Amino acid sequence: LGLSAVVQVPLWHTGLWVTIKAPTEQSLLELDRRIGEEKVLLGRVTNGLVFSNNSVYISSYLVNFCLSHLADVSYRDINAEALKGLIKVTDIPILVWGMLCAIYPSGYPLAQPCVNNPKTCNHVTEELLNISKLCWTDNRSLSEFQRTMMTRRNVKFSDEELARYQTEHRRGGPLRVKINDNLEMSLRVPTIAEYEQSGYDWVDGIEKMVEGSFAVSMRGQERENYIIEQSRATALRQFSHWVGIIHLGEDNAVDDRDTVESLMATFSGDDDIYTSTLKEIGKYIESSTISLIAIPKYDCPVCHTTQHGDTAVHEHLIPLEVTRVFFTLTSQRLQRLLTRQ
């Protein structure tokens, strides 16, 4: 009937196969209610930063929602908390895409505006996309062992196999980058559990500071504005979960999580460190992503300008913000449900 399905999707960054069953309408309503009641505006602002702490609450709700609808996984433990300690954060879009495939097997209506100057061309290309065809994976970045392992989609992988799979990534392994003459950072791809913990610590720390710094508690828009201001003052903490070690000079290496996050907040006040750190982490995230949800680039049928994405590594693709796609489709579905006679 094209209503829903059970789908099996690969998490290429982690080395797992997960089988996702479609949620009920009641489950979608509950997810919508929980996100709507989230009191911290900061945790609901995504702005395309899917791997930053700025979107930790909405990503956490979505991830937990997806994991609660797993029918099977190619690992010995299907417990959500155990899987969050195992699945890489770069697999979050793939997980959400899998849920979309289960809910909407009949396709996704996409309206893609031309990226040329709007004064020159304002054409909007409209197509019905087959969601299951939107996952693109760079197989050249996988070793022979990784490719062979991912063909065994119905096998329960051991911890040793998963550890070897992840260490054989040609892109996305530990990388030491230079920020300035006295500062270097060792970057690594975090797990979902590390991402959640880092994000909650950051947002909760700002919340506590807001509540404890004033004799009279701020409310409403004033409170939200102050939270946003404090988030900007400690902006580098949005990406602290990507930093494993901070190297201060030649002999001083810091790997304690609390200290790393505190230093990232401190570094936010230096424009040069801030700019250089964001640039290096952005390059690392892009190079570490070997599987993404996207459409192929194409030429506008009106002005014939080539439509392209903003990623240099995958220049032939136009990435889709799959989280936004999920909530767009879900909102439309719930609206039809709630207005049904």
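This is a guided tour of a predicted model, stop by stop.

**Before you start**

Residues are numbered from 1 along each chain as its sequence is written, and side-chain values use heavy atoms, with hydrogens and water left out. Because the model is predicted, local features need pLDDT of at least 70, side-chain atom pairs count only at pLDDT 80 or more, and totals for chains, interfaces and linings use all residues.

**Whole chain**

Show the protein chain as a cartoon. It has 11 helices and 14 strands. Both are DSSP runs numbered from the N terminus: helices are H or I with at least four residues, strands are E with at least two. The accessible surface comes to about 17100 Å², and carbon and sulfur atoms hold 50% of it. Accessible areas come from the Shrake-Rupley method with a 1.4 Å probe; for residues, only the protein chains shown count as cover. Of the 341 residues, 50% are buried. Buried means under 20% relative accessible area, exposed over 50%, and partly exposed in between (1.4 Å probe, protein chains only).

Contact here means heavy atoms within 4.5 Å. Among contacts with a separation of 6 or more, 70% link residues 24 or more positions apart.

**Stop 1: the largest nonpolar core**

Select L16, M185 and F326. Within the largest nonpolar core, which has 85 residues, these three touch the most other members. Such a core is a set of buried Ala, Val, Leu, Ile, Met, Phe, Trp, Tyr and Cys residues joined through side-chain atoms within 4.5 Å.

Next, select helix α4, residues 92–103. The largest share of this core, 10 residues, comes from α4. How many of the residues of α4 are buried? The count is 12 of 12, so the helix is mostly covered. The buried set includes I92, W97, M99 and I103. At 1.5 Å a residue, the 12 residues of α4 should span 16 Å; the end C-alpha atoms are 17 Å apart, which agrees. The expected span is 1.5 Å times one less than the number of residues.

**Stop 2**

Return to L16. Setting aside neighbours within four places in sequence, L16 contacts residues including V9, L11, V73, Y75, L86, M150 and F157.

Select β2, residues 16–21. Of its 6 residues, 5 are buried, so β2 is largely enclosed by the rest of the structure. β1 and β2 run antiparallel, joined by 6 bridges. Two strands pair if DSSP finds at least two bridges between them. Pick out P10: its bridge partner in β2 is W17. The hairpin of β1 and β2 has 4 residues between the strands, and there G15 takes a positive phi near 100 degrees.

V18 has V73 as its bridge partner in β3.

**Stop 3: helix α1**

Select residues 25–36. The 12 residues of α1 should span 16 Å at 1.5 Å a residue; the end C-alpha atoms are 16 Å apart, which agrees. Which residues here are buried? L28, L31 and I35 are. They cover an arc of only 60 degrees around the axis, which puts them on the same side of α1. That arc is taken from the directions from the helix axis to the C-beta atoms. An α-helix has 3.6 residues a turn, so residues three or four places apart point the same way. On the other side of α1, Q26 and G36 are exposed.

Stay in α1 and pick S27. S27 is partly exposed, with a relative accessible area of 22%. Beyond neighbours within four places in sequence, S27 contacts F65 and H69. S27 and H69 are 42 residues apart along the chain, with their C-alpha atoms separated by 9.9 Å.

**Stop 4: helix α2**

Select residues 56–67. α2 has 12 residues and reaches 16 Å from first C-alpha to last, close to the 16 Å expected. α2 is mostly covered, with 10 of its 12 residues buried. Among them are V56, I58, L62 and F65.

**Stop 5: the β7–β8 hairpin**

Select β7, residues 175–180, and β8, residues 183–187. They run antiparallel, joined by 5 bridges. The hairpin has 2 residues between its strands. N180 pairs with L183 in β8 as its bridge partner.

**Stop 6: H304**

Finish in the loop between β12 (298–299) and β13 (306–307), where H304 lies. Is H304 buried or exposed? At 59% relative accessibility, H304 counts as exposed. Its phi is near 65 degrees, a positive value in a residue other than glycine. Most residues other than glycine have a negative phi.
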